[in-house]
Amino acid sequence: MIRNRTWHRAMVGTVLVADVVILLVGGAALPGFLPFALVTLAMATWWALARPAGWGAFTLVVIQVLCATAPGGAPTTLVQWALAAAAGSAVILTHLALTLLASWPARADLPRATALRWGGHAAALVWVAIGAALLGALATTTPLGWAPWIAAIGLGLIAATVWQVRVKTRRS
Amino acid sequence: MSSPWRPTRALGRATAIGVALLTASSFGGRGDLAVIGAPLVALVVWAAATRPTAVPAVRSRLSTAVGREGDTVTWRVDVTTVPGLRDVVGHLPGDRWATTTPAHGHVAAAATSGATVPMAVEARIDRWGVRRLGPVQVGGFSDFAAFAWTLPEQRVETVASVPNPGVFTSSAPLPHPVGLVGQHRSTRVGGGTELAEIRPFRTGDRLRRIHWPVSLRTGALHVTTTYADQDAEVRLVLDAIRDLGERDLETGRRSSLDVAVEAAGAVAAHYLTTGDRVGLSVLGGAGVVEVPAIGGHHQLARVLLGLGRAEPSRGTVGEERALRAQLRRSIPPGAFVVLLSALVSAEPLAHAVRLARSGHAVVVVDTLPPELAGPEATDDAVCSATGVEDARLARLVWRLRLLDREREAHQCAIAGVPVIAWRGAGSLDSVLRQAARRSRAPRVASR
């Protein structure tokens, strides 16, 4: 069992780290956007952490998406795709952390099996973001004729994910 | 029939933002939006693919239905595992006099390969009586907490906590022993062990009773006679109409009903060990408690269980009727009646006087806590006892009630019903000796 304070702090820390990543992604595209993003994210984070089961969580995720994507344009370079993957990972981790904070009783301890499963699921979804970014990077840096092959790789990744989910579901 | 599994806000959030991002990406040609939206949509697909549909069954049980005051019981809730169920959370709260571990009562468990997901709390019963644990709230989650299920009913578990009897001993005999066997010396001659007299032999006397030294000395046969050994019936009458004072575990302060229950348990334990029959009636409480008077080792457990069910009256019409029916119920002749009361209700005292007039030996034990009887009573205690919110007015009302109480106790004493305060061992000795003397004294009979 993980003590309630420990897992609670870990989830709050995850949301704060995700905010920092989003700020870095937004700041890399447009440094002047940083102060506005900082204030907005701070307020939304405070609201979301105070009421993770309410509209605060939705607002924070939307603001994170806006802060990460509004300052820049469509990614073309490998670095920009890497930043997009980082933003995607931060958004999904924020969503999962807020979900756990909202659904789990704040005073209850977290079973280690639950923590491991949530960690595994979060890692899988982060890999989806990284895979999508790799696919995007591949599509922008290759000639147009390769498009069917890249689409096939994308479909293959989706099929592999669905297969993995089915396997895990049957096993449990 | 709709599924009891409901989508959560988290699923709605992921669906709304994920779909919006993928749509914006495809229309706006922004690959970064697709990268952010893809994990959210993957989460939604994953959650939908693993969505549970079956309803988990919940079984709640206590390790024991009856315990002693201060015992710890384990409250266990088992949720059957269904496909897709990942985590189970529960809230198992105790009541005011049951301390749970963990104190907040929130527990959680992960669904593993077992058939059930067990959750448990330990509940220490701090006070005698019927303790109600709950209502239990149980919920379950699927992957990513995307679908949630809650137990529609709120179950309550009850545990009967038996009081710990106090310490009581008495060396005084009971006034009217009328049973066939026991440890009290009868007023009549019969088969027993204590010598009564040596008298001349009469037809029918047993030969082994012949006292040879006296027979040889006097030249005529003499026999020894003994007093018969008899038992008595002790009827404990507990006044549960009002419970005055507050139980405080830290300071050790007790309410009037706590004192009465402890005293009743102590008296029952003592007289049952001396071979008497002990019965119990709880007057005016929230539940009718009647334990018939019998002897034996198991009777103490029955009496203590009955005491554990004593609850102060809630003042309903049904309780009033039950009280009147209890007061009409007859008590066997010769029974020794011990009324344990805080002496703030008129009915039990009137009942005691009626019993004394009908020939029973009756003793009233005053169970009002000492801190309420004196001027050092706290404002809170006085307000609680009188039901008046203004502390100054409550003190005045309580003072008047104490004066009234004193007068009623005095009238009881005049009517032949002694009123004594509970002091533990030897509390009843003086009044029992007086009652025994009165019962043996010659009486004037009008012809």
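**Exercise 1. Describe how helix 3 of chain A is placed against helix 4 of chain A, and classify the contact between them.**

Solution. Start with the axes, which are lines fitted to C-alpha atoms over the stretch in contact, with angles running from 0 to 180 degrees between N-to-C directions. In this predicted model, local features need pLDDT of at least 70 and side-chain atom pairs count only at pLDDT 80 or more, while totals for chains, interfaces and linings use all residues. Residues are numbered from 1 along each chain as its sequence is written, and chains are lettered from A and ligands numbered from 1 in the order in which they are written.

The axes of helix 3 (residues 55-69) and helix 4 (residues 78-103) of chain A come within 10 Å and cross at roughly 170 degrees. Helix 3 of chain A is therefore roughly antiparallel to helix 4 of chain A, a label given to angles over 145 degrees.

Next, list the residues in contact, meaning that their C-beta atoms, placed from the backbone, lie within 7 Å. Helix 3 of chain A contributes A:A57, A:L60, A:V61, A:Q64, A:V65 and A:A68, which meet A:A87, A:A90, A:V91, A:T94, A:H95, A:L98 and A:A102 of helix 4 of chain A. By class, this contact has 10 nonpolar, 3 polar and no charged residues, where Ala, Val, Leu, Ile, Met, Phe, Trp, Tyr, Cys and Pro count as nonpolar, Asp, Glu, Lys and Arg as charged, and the others, Gly among them, as polar.

**Exercise 2. Work out which element of chain B gives the most to the side that touches chain A.**

Solution. Begin with the totals: 39 residues of chain B are in contact with 43 residues of chain A. On the chain B side, helix 1 (9-28), helix 2 (31-49), strand 5 (87-91) and strand 7 (106-110) each supply at least two residues, the elements being DSSP runs numbered from the N terminus (helices H or I, at least four residues; strands E, at least two). Helix 2 of chain B gives the most, with 13 residues. By class, this side has 24 nonpolar, 8 polar and 7 charged residues.

Terms used:
Parallel < 35°, antiparallel > 145°, perpendicular 65-115°, else oblique. Contact = placed C-beta atoms within 7 Å.
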